[in-house]
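User: Hi, I have a protein open and want a quick tour. Can you walk me through the chain?
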Amino acid sequence: MSATLQPIREACERLGIEPTPTLLVASVADQRLAEFRQIAGWEYAEERRLVISTSRYGLGQAEGTNKTPLGLHRIAEKIGGDSPAGSVFESREIVGTVAEQPEAGIAHRILWLDGLEPGFNRGGSVDTHARYVYIHGIGDETTLGHPASRGCLHLAATDLLPFYDRTPSGTLLWIAEGPF
């Protein structure tokens, strides 16, 4: 097993969570999201790396900080799959298009995250889902590759749309501070 996947395996074993056919690992240091496909058990092969942006406010779990939460997460809900590319969202509802709102904060698709580690990123004032932390697109993609979000993981539309289609709800995501 690669050193990149060891922390996610340890967290899953500690929490009694089975591995999913796809594992995602986001590196804040690298500003990249790696996708791994399961070969057998905990044997995975890396398929691709995508450029992301994490929080411009740094890392943290607490509500109201706009920081990117660390640790083990699951894609809890997928929103916008039937909407046209370029849709702009507020409170998970379409409110326009990127053409009308080029600086849109949430665009194209939303994958809503759920923290899986009680007291760390699940429950109380550290709950990732209650903090509305997503993987999503944005209007201004020039910030990708640099910390620029308000806690979420941003992706370019050209990466997000196929990522959304190939990534099922329930897929595990590890958000790590360090490099791959």
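This is a predicted model: local features need pLDDT of at least 70, side-chain atom pairs count only at pLDDT 80 or more; totals for chains, interfaces and linings use all residues.

User: What secondary structure does the protein chain have?
Analyst: The protein chain has 2 helices and 10 strands. Starting at the N terminus, the order is α-β-β-β-β-β-β-β-β-β-α-β.

User: What share of the residues is buried?
Analyst: Buried residues are 50% of the 180 in the chain.

User: What about the accessible surface?
Analyst: The accessible surface is about 8000 Å². Carbon and sulfur atoms account for 49% of that surface.

User: Switching to charges. How many positive and negative side chains are there?
Analyst: There are 16 positive and 23 negative side chains. The centres of the two sets lie 2 Å apart.

User: Now the rings. How many aromatic pairs does the structure hold?
Analyst: It holds 3 aromatic pairs. One of them is Trp 42 with Tyr 44. Their ring centres are 6.1 Å apart and their planes meet at 55°, so this pair is tilted.

User: Are Trp 42 and Tyr 44 buried or exposed?
Analyst: Trp 42 is buried, at 14% relative accessible area. Tyr 44 is buried too, at 11%.

User: Where do Trp 112 and Tyr 132 lie?
Analyst: Trp 112 is in strand β7, residues 107-115. Tyr 132 is in the loop between β7 and β8, and β8 covers 134-137. The two residues are 20 apart in sequence, so the pair ties together separate parts of the chain.

User: How accessible is each partner?
Analyst: Trp 112 is buried, with 8% relative accessibility. Tyr 132 is partly exposed, with a relative accessible area of 42%.

User: Which residues make up the aromatic cluster with Trp 112?
Analyst: Trp 112, Tyr 132 and Tyr 134 form one cluster.

User: Back to Tyr 132. What is its phi?
Analyst: Tyr 132 has a positive phi of about 60°, and it is not a glycine.

User: Why point that out?
Analyst: Because most residues other than glycine have a negative phi.

User: Which other residue has a positive phi?
Analyst: Gln 31 has one, near 55°, and it is not a glycine either. Gln 31 lies in the loop between β1 (22-27) and β2 (32-40).

User: Is Gln 31 buried or exposed?
Analyst: Gln 31 is buried, with a relative accessible area of 4%. The cut-off for buried is under 20%, so Gln 31 qualifies.

User: Last topic. Where is Glu 18?
Analyst: Glu 18 sits in the loop between α1 (6-15) and β1. Glu 18 is exposed, with a relative accessible area of 62%.

User: How far is Glu 18 from Arg 74?
Analyst: In sequence, Glu 18 and Arg 74 are 56 residues apart. In space, the distance is 12 Å, C-alpha to C-alpha.

Definitions and conventions: Residues are numbered from 1 along each chain as its sequence is written. Side-chain values use heavy atoms; hydrogens and water are left out. Helices (H or I, at least four residues) and strands (E, at least two) are DSSP runs, numbered from the N terminus. Buried means under 20% relative accessible area, exposed over 50%, partly exposed in between (1.4 Å probe, protein chains only). Accessible areas come from the Shrake-Rupley method with a 1.4 Å probe; for residues, only the protein chains shown count as cover. Lys and Arg count as positive and Asp and Glu as negative; His and the chain ends are not counted. The place of a charge is taken as NZ of Lys, CZ of Arg, CG of Asp or CD of Glu. Rings of Phe, Tyr and Trp (its six-membered ring) pair if their centres lie within 6.5 Å; planes under 30 degrees apart count as stacked, over 60 as edge-to-face and the rest as tilted.
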